[in-house]
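The entries follow in the order in which I made them.

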Amino acid sequence: MVLLHVLFEHAAGYALFAVREVEEIGLLLPQVEESVLTLGKFHNVVKLVAFSPFRSAQSALENMNAVSEGVLHEDLRLLLDTALPPKRKKVVLGVGDAKMGAAVQEELGVQCQTGGVVAELMRGIRLHFPALVRGLTAQSAAKAQLGLGHSYSRAKVKFNVHRVDNMIIQSISLLDQLDKDINTFSMRVREWYGYHFPELIKIVPENSMYCRVAKFIGNRRELSEESLEGLEEIVMDSAKAQAILEASRSSMGMDISPLDLINIESFSRRVISLSDYRKGLQEYLRSKMSQVAPSLSALIGEVVGARLISHAGSLTNLAKYPASTVQILGAEKALFRALKTRGNTPKYGLIFHSTFIGRAAAKNKGRISRYLANKCTIASRIDCFSEVPTSVFGDKLREQVEERLAFYETGEPPRKNLEVMKEAVVEASEVVAEVKRRQEKKEKKRKKREKRRLEALAAAAEEAAENSVMETEENDVGAKKKKKKKKQQQPEESEAEAEPEENGVEEEEEEEPLPKKKRKVVVEPEEEEEEKKKKKKKKKKAVAQDSEED
């Protein structure tokens with residue numbers, strides 16, 4: 001008869017179960033499915049043979065990595081060697097993973113089985129596992145699963161804080177929203193301040209500069225030659241500042257009250273602060289793109305590259321896209337409309353905002369967009385899968401696009417891609433070596449700082465220990481001195497107590513009465529002496545009487 005055993009891997013350890021009535025189970029699968037749901041029936045089907053718990057969280061992680069890779073770990077080998085019957089030919093081991101079954105069969109010579117009845121049995125074991133293992137509760141099993149899941153995920157996913165594309169997606173979304181809001185608010189300032197000074201709109205067309213000028217001028221009637229220097233600093237043009245001054249003197253605008261002017265200035269201040277924040281956000285986006293996707297940003301620009309990453313969802317998704325998808329990324333509505341109406345499909349999407357397509361002639365826009373999409377795909381894949389991302393490949397790809405653009409215009413043949421990539425590989429290897437050398441220097445400096453800090457902490461701890469030892473010694477010396485003083489004071493106090501006894505009765509009356517216990521100690525010897533004297537007198541009287549009778 002074949003003995004079926006089932007190996008179950010849990011976060012708490014390995015468990016080996018023996019299956020009873022294997023022939024009936026093999027024939028009646030529906031009954032197996034019914035018995036899985038109830039614990040009482042399932043107890044009659046399987047029996048726990050051995051359970052090997054993991055020694056620590058690190059051991060559990062090592063075993064799970066081995067199981068996921070289909071490698072037989074030493075702990076699992078020890079369990080199977082000790083728990084399985086010695087006659088291995090009659091044993092069939094049910095496992096959940098075919099790779100693990102192949103590894104067990106190759107190294108231990110045990111026949112393995114997957115799927116079918118084994119899958120149903122493992123489903124029941126997974127459902128009732130805390131009840132099948134003595135001493136294991138459902139709460140502890142859930143904690144073990146949660147902890148091992150977190151550690152396994154952290155070990156598998158290499159998370160680099162400096163290469164997070166989520167921040168780029170949020171930054172470009174906020175940048176687009178800020179552009180819309182600043183345009184809307186600037187138009188509101190133009191309309192509001194235009195009632196008072198309508199000629200300023202034609203002289204200063206730029207939004208943020210208009211808000212700055214409106215805030216600086218305030219009431220146009222108060223603008224004079226003295227404020228010309230301030231205007232020149234804002235508009236960066238002396239002729240424009242002079243034109244603003246002349247227009248303010250002959251303006252057709254209406255007068256404005258001080259309260260309205262205060263509100264306009266306050267709103268202008270808010271718009272100026274938003275435009276300043278937008279500049280800072282753009283610098284932040286540029287720095288993040290140079291860290292996450294330097295080649296893509298060098299090829300097509302930080303803003304367009306960030307929009308491509310945002311539209312794709314992540315840099316990894318963008319690297320997975322083919323060049324034809326990257327070319328029309330952002331023009332999905334036009335593509336499906338063209339497919340529906342059987343019209344011409346769009347030639348470009350988000351990459352239209354690149355400078356290359358704008359510089360190309362109308363007949364070459366489709367060709368250059370297709371070539372640019374190819375290079376963007378290459379750049380995104382290099383950025384996504386390289387360990388140390390550099391902008392060398394992006395610069396070389398940009399040179400290739402420039403040469404192709406010149407070829408379309410002048411007919412000058414560009415360099416071959418193989419030559420350009422060889423140069424890029426050589427330069428990139430040099431840059432990567434330099435970056436690694438700098439990183440090693442930084443790591444050495446960090447280790448030195450950490451070593452110094454630990455030494456300082458150890459020295460401080462030693463000083464504290466020495467100080468505590470000194471304090472204890474001083475305390476011991478002080479305690480000894482106090483004991484000596486007490487010993488010296490005790491005979492002095494006894495002498496002082498004996499002096500009043502030698503004095504007369506008047507001094508005893510003047511002194512305060514002693515406590516009862518002390519009074520007894522003092523009075524008892526006097527009474528004893530009086531009693532002794534009385535006894536002696538009685539003896540003398542008795543002796544005298546005896547002598548008289550004689």
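I took contact to mean heavy atoms within 4.5 Å. With that, residues 24 or more positions apart account for 66% of the contacts in the protein with a separation of 6 or more.

I noted the conditions next: this is a predicted model, local features need pLDDT of at least 70, side-chain atom pairs count only at pLDDT 80 or more, and totals for chains, interfaces and linings use all residues. Residues are numbered from 1 along each chain as its sequence is written, and side-chain values use heavy atoms, with hydrogens and water left out.

**Overall.** I read helices (H or I, at least four residues) and strands (E, at least two) as DSSP runs, numbered from the N terminus. The protein has 25 helices and five strands. Buried means under 20% relative accessible area, exposed over 50%, and partly exposed in between (1.4 Å probe, protein chains only). Of the 550 residues, 35% count as buried.

**Rings.** I counted rings of Phe, Tyr and Trp (its six-membered ring) as a pair if their centres lie within 6.5 Å; planes under 30 degrees apart are stacked, over 60 edge-to-face, and the rest tilted. The structure holds eight aromatic pairs. One of them is Y14 with F54, edge-to-face at 5.3 Å centre to centre and 75 degrees between the planes. Y14 lies in strand β2 (residues 13-19) and F54 in the loop between β3 (46-53) and α4 (57-69), so this pair ties together parts that are 40 residues apart in sequence. Both Y14 and F54 are buried. I also found F8, F51 and F129 linked into a cluster by ring pairs.

A charge sits over a ring if NZ of Lys or CZ of Arg is within 6 Å of the ring centre and within 35 degrees of the ring normal. The charged end of R190 sits over the ring of Y210, 4.9 Å from its centre.

**Helix pair.** I took axes as lines fitted to C-alpha atoms, for helices over the stretch in contact, with angles running from 0 to 180 degrees between N-to-C directions. Helix α21 (residues 365-385) packs with helix α22 (residues 392-410) at about 170 degrees, the axes being 10 Å apart. Angles under 35 degrees count as roughly parallel, over 145 as roughly antiparallel, 65 to 115 as roughly perpendicular and the rest as oblique. Helices α21 and α22 are therefore roughly antiparallel to each other. Among the residues of α21 that meet α22 are I368, Y371 and L372, and α22 brings, among others, F393, L397 and V401.

**Single residues.** Which residues does H5 touch, not counting those up to four places away in sequence? I found L16, F17, A18, V49, L84, P85, V91, V92, L93 and G94. H5 is in strand β1 (residues 3-9) and is buried at 6% relative accessibility.

I125, in helix α7 (residues 117-132), is buried at 0%. Its C-alpha atom is separated by 8.6 Å from that of F42, 83 residues apart along the chain. I125 touches V6, F8, F17, F42 and L132, again not counting residues up to four places away.

S275 is in helix α14 (residues 258-292) and is buried at 8%. Leaving aside neighbours within four places, S275 is in contact with I182, S208 and R212.

M236 has phi near 60 degrees, a positive value in a residue other than glycine. M236 lies in the loop between α12 (228-235) and α13 (238-249) and is exposed at 69%.
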